[in-house]
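Hi everyone, thanks for coming. Today I'd like to walk you through one structure, chain by chain, so let's bring it up on the screen.

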Amino acid sequence: MSEPVLQVRRLNVGFASRGRVTPAVRDLSFSVKAGETLAIVGESGSGKSLTAFALLGLVPPPGVVSGEAIALEGRNLIGLPEKRLREVRGARIAMIFQEPMTALNPVLTIGEQIMEVILEHERVSPRAAKARALELLAQVRIPDAERRFHDYPHRLSGGMRQRVVIAMALACAPAVLVADEPTTALDVTIQAQILDLIDTLKREHGTAVVLITHDLGVVAEHADRVLVLYAGRKVEERAARDLFAAPLHPYTRGLIAARPRLGGRGAVRARLTEIPGTVPGLAAMPDGCAFAPRCPVAEAACTLALPPLVPAGTGSVACLRVGDIHAAEPERLSVVHA
Amino acid sequence: MSLITLAAPTPHAAPRSGFLWRLLRRPSGVVGLLLLAAIIAVAASAPLLYPDDPLDMVAQPFLWPGQDAAYPLGTDMMGRDIASGIFHGARVSLLIGAVAASVSLLIGTATGALAGYYGGRTDAALMRVTELFQTIPPFLFALAIVAILQPSIPTITLAIGITAWPSLARLVRAEVLKLRNGELVQASIALGAGDLRIIVLHILPNTLAPIIVSASILVASAILTESSLAFLGLGDPNVVSWGGMVGAGREVLRTDWYIATLPGLAIVVAVLALNLLGDGLNDALDPKGERRA
Amino acid sequence: MAALAHLRRGFVQIAFVVLGIAIINFFLLRLAPGDAAQVMAGEAGSATPEYMAALRRQFGLDQPLHVQFFSYLKNVLTLNLGYSFRQGLPVSELIAHRVGPTLLLMGASIGFAITVGGTLGFLAARHAGKAADTIISILALLFYATPVFWVGVMLVVVFSVALDWLPVGGMITIEAGHTGLAYAWDVAQHLVLPTLTLGLFYLAIYTRLMRASMLEVYGQDFVRTARAKGVRAHRIAVRHVLRNALLPIVTTLGVQLGSVLGGAILVETVFSWPGLGRLAFEALFQRDLNLLLGILFCSSIVVVLINLAVDVIYTLLDPRISLGGTP
């Protein structure tokens, strides 16, 4: 496949207070290709939403973003002046939010809000922008688009509002779409529709999608690759099929084991908090592997030094015990080596 | 979920004793406290520094400030010492301000708490009355009361107190409504605690922060109202009042403008002090403000 | 339909206020020294004994309290607010003559306070935490702490006495006998200082309110959406934040009308502005208590009526609310 449209190298996000920066996302690297969906999975507090905001340069103060690069179509967004960043946002990289109920301005019609993106980034007449907005409303399957165009957000259901947010995000055909828990706030039946819509539009436009979620059911159905985040660090990243077939990191294994196997799509909604214990606080990060205190297979060495990310099958994993786990469960090993 | 809550590293819960420290860390809190302390000192020292009645004629009239070292702020058209008037005026302003604010606090808190706690018809009726009091221009209302009852410190205080409570009642009601359905109150009801007991022991202590902030603002506006009444000639004729001094000085504005100017400055300082203190208290008592600011 | 419901609600509100103030006035009159007839006729000597007797009969002062109250209420409802012997005119007529100038002064002051205060608050919020914000906030705090009457007195000292730019008081230059545009210009000149005086206090309120309201809206999700869309900072401020921040401002406007009217009394006194406030001051000095209570009654009605108008403005600004309905 083609070159990745988004390459993140050694991204760090932290919070500055009284001269010190408390890190929240550390040394995070990943890349996404056109037409690919990368899922970033983690518990709340793992830094996944923060990563999403960092991609668009929207981390609010006292948040601080640093690192080597957030390369979008070859252009590094880290250190780009706000003026340039603004031109990229909404045009080349766009975002869908968790809360469709509050993501839209209550005093502007949805038509005005969709047209706004187009007019802000392209030199087109209002008439052309309106035609495009109507087209987008049809694309995101909003019935009776002509009438809905003049409606205010409060007249729309949550699912309909999320469709409007998607229409805004796709208005300028961005290269990358960041979806931060796009279905968490929606009814189960609507969730599947919205995710299918994102999939369809992704295929039609060749958009790269970064899907932030804690819902493994969503990941299994819609992601090509999965990146597992724990306490701000990547602990495992692999092709979705492989990861579900044979999770390597004890944390990933815990996540998958904790997930109820109901099978039916949309019915799978496991919260990632079913592993005993909680993510350590940012200020009280242990020296070694951050998962060690909750890990069933941790040993003394795990608490001494940070485990490095090592290549494993279709991706990489950061765990000192990964070899031993395989030895104990040879039937899973075969999958990894396949 | 907003990014702010997601992002905030678990803050160490500040101990309650840290409140004064938090107040003193805000410039508005510090300046407000200092100014207020200064005014209280002025009020307290008035009988020591100026033992004579400030309404007595003590020197030749129209002495400009600085003209005679014995009367640093000059004298008015009746030969009264302006400095003495300002010192004694502080006592009157603070007294009326504090007592009138207490009256408002009492009425406002009781109305708001009862309306919020009982809801339904009680709430509707009490809010109607509150609305009525908000509709009648409060200053005009106070003025009518004082005019009818004859101006004296008690009538002025009462008039200000019973016209200034509606906004506090609304505030307390909103807070009580929030707590009303909370676990603590529901548990107390389940345990069979009496209504009054629940309101006084469980609800009011939790609405204390906004009430304290309002109290300082109420004192400030009571001082403003008192001075306005006195300016119109509705002050207690037996005591000196800053507003009355401005009103009297108005007559000679063309030539001796300092007579109206100086007591006005005193009012500004007093009201400013209390408003600043209110701002500082608001920030210090609101843990969210810490991060938002 | 909705508009009808709105009107009905307004009518109920007015009815309640009329009843409430009638009760309050009735008992205030009873608190005054002397009987109600004496109070109503002004100080002794200003009315003939025959008129006093007629008054007593009219208000049935020999009747039981509730009968007295109902006859008082009936008088109020027929807008019979009594007669002012001092002024030699019926109270309602006196008030009708003075409402106009007061409304003009209030309108000009609120307009000034909202436009200038709103702009200052907008700027402070746009530059929150910077020098401009600090300066604006300090200014607002100062204006907020300054008594209205003293501002008036000081403005007179500077602009009328020292600089002689603007008239000291009144609404028109009587001897000039202007008509048409010249008249309007004359009134406008007389209006400047009173407007500034009354407006500065409310300017402070709207500055603080607008700043707080803008900052509140800035924290909302849809502003983040607008940023993610790549909307320019200035457009976010105006199109997304300002429009939403205006809503609480309009609400506050309604709540504060009563207080503005109270301030107008002081300002009208300082500048001899021939409005309700000035009339109230005159009534106060002549101990024309009935006139004073009539003014209290009518200004409350004015507040209710303007409040109803404010409700309509609110529905125009917020698409979520329609007339008569609840959000």
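Where in chain B does UniProt place the feature "domain: ABC transmembrane type-1"? The unreviewed UniProt entry puts that feature at residues 90-278 of chain B. A word on such records: UniProt positions are given here in the numbering used in this talk, feature names are shortened, and annotations may be inferred rather than shown by experiment.

Before going on, two housekeeping notes. This is a predicted model, where local features need pLDDT of at least 70, side-chain atom pairs count only at pLDDT 80 or more, and totals for chains, interfaces and linings use all residues. Residues are numbered from 1 along each chain as its sequence is written, while chains are lettered from A and ligands numbered from 1 in the order in which they are written.

Let's stay with chain B. Over residues 90-278 of chain B, the chain is 80% helix and 0% strand, and the end C-alpha atoms are 19 Å apart. When I say helix or strand, I mean DSSP runs numbered from the N terminus: helices are H or I with at least four residues, strands are E with at least two. Chain B as a whole has 14 helices and 0 strands. Its C-alpha atoms fill a box of roughly 75 × 45 × 30 Å, taken along the principal axes.

The unreviewed UniProt entry also lists "transmembrane region" for chain B at residues 30-50, 94-118, 139-164 and 257-278. Look at two of those. Residues 94-118 of chain B are 100% helix and 0% strand, with the end C-alpha atoms 35 Å apart. Residues 257-278 of chain B are 95% helix and 0% strand, and there the end C-alpha atoms lie 32 Å apart.

Now, chain C. Here we count 12 helices and 2 strands. The C-alpha trace of chain C spans about 80 × 55 × 40 Å along its principal axes. For "transmembrane region", the unreviewed UniProt entry gives residues 12-32, 103-123, 135-163, 183-205, 245-271 and 291-317 of chain C. Among them, residues 103-123 of chain C are 100% helix and 0% strand, with end C-alpha atoms 29 Å apart. Residues 291-317 of chain C are also 100% helix and 0% strand, and their end C-alpha atoms are 39 Å apart.

Let's zoom in on one helix pair. Helix α6 (residues 131-145) and helix α8 (residues 180-218) of chain C pack at an angle of about 140°, with their axes 8 Å apart. Axes are lines fitted to C-alpha atoms, for helices over the stretch in contact, and angles run from 0 to 180 degrees between N-to-C directions. Why are α6(C) and α8(C) called oblique to each other? Angles under 35 degrees count as roughly parallel, over 145 as roughly antiparallel, 65 to 115 as roughly perpendicular and the rest as oblique, so the label for α6(C) and α8(C) is oblique. Residues meeting there include C:Phe143 and C:Tyr144 in α6(C), and C:Leu200 and C:Phe201 in α8(C). By contact, I mean that C-beta atoms, placed from the backbone, lie within 7 Å.

How do the chains touch? 39 residues of chain C are in contact with 35 residues of chain B. The side of chain C that touches chain B divides into 31 nonpolar, 8 polar and no charged residues. In these classes, Ala, Val, Leu, Ile, Met, Phe, Trp, Tyr, Cys and Pro count as nonpolar, Asp, Glu, Lys and Arg as charged, and the others, Gly among them, as polar.

Chain A joins in too: 24 residues of chain A are in contact with 17 residues of chain C. The largest share of the side of chain A that touches chain C, 4 residues, comes from α4(A). By class, that side of chain A has 13 nonpolar, 5 polar and 6 charged residues.

Finally, the sheets of chain A. One is an open sheet of 4 strands, in the order β2-β1-β4-β5, with antiparallel pairing. Two strands pair if DSSP finds at least two bridges between them. β2 (20-33) and β5 (75-76) of chain A stand at the edges with a single partner strand each, so one side of each is left without a neighbour in the sheet. In β5(A), A:Asn76 is the bridge partner of A:Ala71.

Another open sheet of chain A has 8 strands, ordered β6-β7-β8-β3-β9-β10-β12-β11, and its pairing is mixed. Its edge strands are β6 and β11 (310-312) of chain A. Within it, 6 bridges join β9 (residues 225-230) to β10 (residues 233-239) of chain A, and these two run antiparallel.

Technical notes:
Two residues are in contact if their C-beta atoms, placed from the backbone, lie within 7 Å.
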